[in-house]
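Please keep the sequence and the structure in view while reading.

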Amino acid sequence: MSEFTYRIAKMFVKVDYFSLPNILLKRAVLPELLQAAVSAENIAQWTEKLLEPKKQSETKALLTQVKSKLGEKDVALRTANLIIETIERENNEKL
């Protein structure tokens, strides 16, 4: 997304996380690199970190929790509802 679009969206959307796993677990499960933070160096650093056995095991366990929250049936609908609820809750908390 363009820098201009990003700045406009940031004024209206107030969330702590933007990736689905992080939103669902309300914590940084996976790295979120936006705009200027998206660089080969940052991606390489995060990739190296995620390949460490301890971090890989922790991330896998957290992603299992994400899978559990999503369930098997009507995943897309539940996901959309969870995202909407999270955004509404976070926007209400910041008012």
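Phe-4, Ile-8, Met-11, Phe-12 and Val-13 together form a nonpolar surface patch of about 560 Å². Such patches are made of residues with over 30% relative accessible area and no salt bridge, where like charges are joined within 9 Å and nonpolar side chains (Val, Leu, Ile, Met, Phe, Trp, Tyr) within 5 Å. A salt bridge is a side-chain nitrogen of Lys or Arg within 4 Å of a carboxyl oxygen of Asp or Glu. Accessible areas come from the Shrake-Rupley method with a 1.4 Å probe, and for residues only the protein chains shown count as cover.

The model is predicted: local features need pLDDT of at least 70 and side-chain atom pairs count only at pLDDT 80 or more, while totals for chains, interfaces and linings use all residues. Residues are numbered from 1 along each chain as its sequence is written, and side-chain values use heavy atoms, with hydrogens and water left out.

Helices (H or I, at least four residues) and strands (E, at least two) are DSSP runs, numbered from the N terminus.

The largest nonpolar core has six residues: Leu-24, Leu-25, Val-29, Leu-62, Val-66 and Leu-70. Helix H2 (20-25) and helix H4 (53-70) are the elements that give two or more residues to this core; H4 supplies the largest share, three residues. A nonpolar core is a set of buried Ala, Val, Leu, Ile, Met, Phe, Trp, Tyr and Cys residues joined through side-chain atoms within 4.5 Å. Not counting residues up to four places away in sequence, Leu-25 touches Leu-62, Gln-65, Val-66 and Lys-69; contact means heavy atoms within 4.5 Å.

Buried means under 20% relative accessible area, exposed over 50%, and partly exposed in between (1.4 Å probe, protein chains only).

| Residue | Relative accessible area and class |
|---|---|
| Phe-12 | 63%, exposed |
| Lys-26 | 52%, exposed |
| Gln-56 | 42%, partly exposed |
| Lys-55 | 16%, buried |

Lys-55 lies in helix H4, and Gln-56 is also found in helix H4. Leaving aside neighbours up to four places away in sequence, Lys-55 touches Lys-49 and Leu-50. With neighbours within four places in sequence set aside, Gln-56 is in contact with Leu-50 and Leu-51.

Lys-26 is located in the loop between H2 and helix H3 (40-51). Although Lys-26 is not a glycine, its phi is positive, about 55°. Most residues other than glycine have a negative phi.
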